[in-house]
Amino acid sequence: MEPNVRFWIAERQSFIQRFLQWTELLDPTNLVVSVEKIEKSRQLLLTNEDASIRDLEDPRIKEAWKRSLSTVHPDSSKLIPVPLRPAALLPFTAPMIFFSMLSVKSLKSLILPQISFYTYTTAFNIVNGNASYNRHLYESLLLGTGVIASSSFFGLFPRLLQLRLNNALLKRALPIIFLTHISAVNVVAVRSLEPIRGIEVMDKEGHVMGYSRKAGTKAVRDTASSRVVLYGTSAFIPEVFSHYFVRTQFFRQHPWSLWTFKLACTVLVMGLMVPVSFSIFPQIERIQCSELEKEIQSATEDTELFYHRGV
């Protein structure tokens, strides 16, 4: 069995445990670990079946799990490209969200941040989604291109509405609302093949019982919900804090400090919300066999099966 799948199935973690786990996996050093070290860690886990218990007394086992879980895709057992690993999400998207939420007079200055943000998040969602079903490269490229174009267009739409609105509260709220909804729809659109073709469901030993469209639908829905929490909160809280910051005496004396304050606030809030959103649902989720297709129910006597939700 793939070590990462073995780990997530064996570890019945609570939300707090998953949160603490993700704070380790999101360590920026996981972006610079060498391929050689990752391969050695994987070899250690593959040859040590008891490592699924995650013996915390052995620092080699603990470090091996950290490297494997943060760099290797559970479905394909292939290395995740460095810029698209979970640990890269914060440093790449936090500045993009900051620039996307700035109040500007020219719409042109927002085009690049919007395209950059949705290009990155689309690629991230494709690479870190479920990869257990049959998918061709050209399908991912065509689907990704369409999603990037449509997401970027609708991301600019609230800025057009702002030019016609006089309500200050609505002007501030529209970009947040659109960012939140588009981020969720981005996940649904870019991973739309999972509910159509179905994803692998397996027993606790890792034996594949079949491909389930219902599991695919649930995986996409749960991941989209986590993005609502991530990007909605990361955009909303800095706006609220900035609203009160501009009323302070410090801002009146140093007007330039608003950009610094808002960027720092965005990074801090998103730094907390990334592990929170990743922890809301387990990486390998459980589903009752009675909720799946009849052909899968007839293929096993287990009452509970597992599937990879994706990040």
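## Annotated transmembrane spans

In this predicted model, the end C-alpha atoms of residues 173-193 lie 32 Å apart. That span is 90% helix and 0% strand. An unreviewed UniProt entry places the feature "transmembrane region" at residues 173-193, and also at 141-161, 228-246 and 258-281. For residues 141-161, the distance between the end C-alpha atoms is 31 Å, with 100% helix and 0% strand.

Val188 belongs to helix α8. Leaving aside residues up to four places away in sequence, Val188 touches Val220 and Ala224. Between Val188 and Ala219 there are 31 residues in sequence and 9.8 Å in space, C-alpha to C-alpha.

## Helix α7

Helix α7 covers residues 137-162, which makes 26 residues. At 1.5 Å a residue this helix should span 38 Å, and its end C-alpha atoms are 39 Å apart, so the two values agree. The buried residues of α7 include Glu139, Ser140, Gly144, Val147, Ile148 and Ser151. Ser152, Gly155, Leu156, Pro158, Arg159 and Gln162 are also buried. An α-helix has 3.6 residues a turn, so residues three or four places apart point the same way. The buried residues of α7 pack against α5 (89-100), α6 (108-127), α8 (168-190) and α9 (193-197).

Leu142 is likewise placed in helix α7. Leu142 is exposed, with a relative accessible area of 61%, because exposed means over 50%. Leu142 and Thr119 are separated by 23 residues in sequence and by 13 Å in space, C-alpha to C-alpha.

## Helix α5

Helix α5 has twelve residues. From its first C-alpha to its last, α5 reaches 16 Å, close to the 16 Å expected at 1.5 Å a residue. Leu89, Thr93, Ala94, Met96, Ile97, Phe98 and Ser100 are buried in this helix. Its buried residues pack against α6, α7 and α8, and also against α10 (213-245) and α12 (257-279).

Ser77 lies in the loop between α4 and α5. Although Ser77 is not a glycine, it has a positive phi of about 60°. The relative accessibility of Ser77 is 38%, so Ser77 counts as partly exposed.

Two packed helices are described by the angle between their axes and the distance between the axes. The axes of helix α1 (residues 3-10) and helix α4 (residues 59-71) come within 10 Å and cross at roughly 105°. Therefore α1 and α4 are roughly perpendicular to each other. On the α1 side, the contact is made by Pro3, Asn4, Arg6, Phe7 and Trp8. On the α4 side, it is made by Trp65, Ser68 and Leu69.

Helix α2 (residues 15-25) also crosses α4, with axes that come within 9 Å at an angle of roughly 80°. These two helices, α2 and α4, are therefore roughly perpendicular to each other. Gln21, Glu24 and Leu25 in α2 meet Lys62, Lys66, Leu69 and Ser70 in α4.

## Strand pairs

Strand β1 (residues 199-202) and strand β2 (residues 208-212) run antiparallel and are joined by four bridges. The bridge partner of Glu200 is Tyr211 in β2. The hairpin of β1 and β2 has five residues between the strands, and Gly206 there takes a positive phi near 90°.

Strand β3 (residues 284-288) pairs with β4 in the antiparallel sense over five bridges. Arg286 stands opposite Phe306 in β4. Four of the five residues of β4 (residues 304-308) are buried, so this strand is largely enclosed by the rest of the structure.

Glu301 lies in the loop between α13 (294-297) and β4. Glu301 is exposed, with a relative accessible area of 80%. Phe98, one of the buried residues of α5, is 203 residues from Glu301 in sequence and 51 Å from Glu301 in space, C-alpha to C-alpha.

Notes: Residues are numbered from 1 along each chain as its sequence is written. This is a predicted model: local features need pLDDT of at least 70, side-chain atom pairs count only at pLDDT 80 or more; totals for chains, interfaces and linings use all residues. Side-chain values use heavy atoms; hydrogens and water are left out. The expected span of a helix is 1.5 Å times one less than its number of residues. Buried means under 20% relative accessible area, exposed over 50%, partly exposed in between (1.4 Å probe, protein chains only). Contact means heavy atoms within 4.5 Å. Two strands pair if DSSP finds at least two bridges between them. UniProt positions are given in the numbering used here, feature names are shortened, and annotations may be inferred rather than shown by experiment. Axes are lines fitted to C-alpha atoms, for helices over the stretch in contact, and angles run from 0 to 180 degrees between N-to-C directions. Angles under 35 degrees count as roughly parallel, over 145 as roughly antiparallel, 65 to 115 as roughly perpendicular and the rest as oblique.
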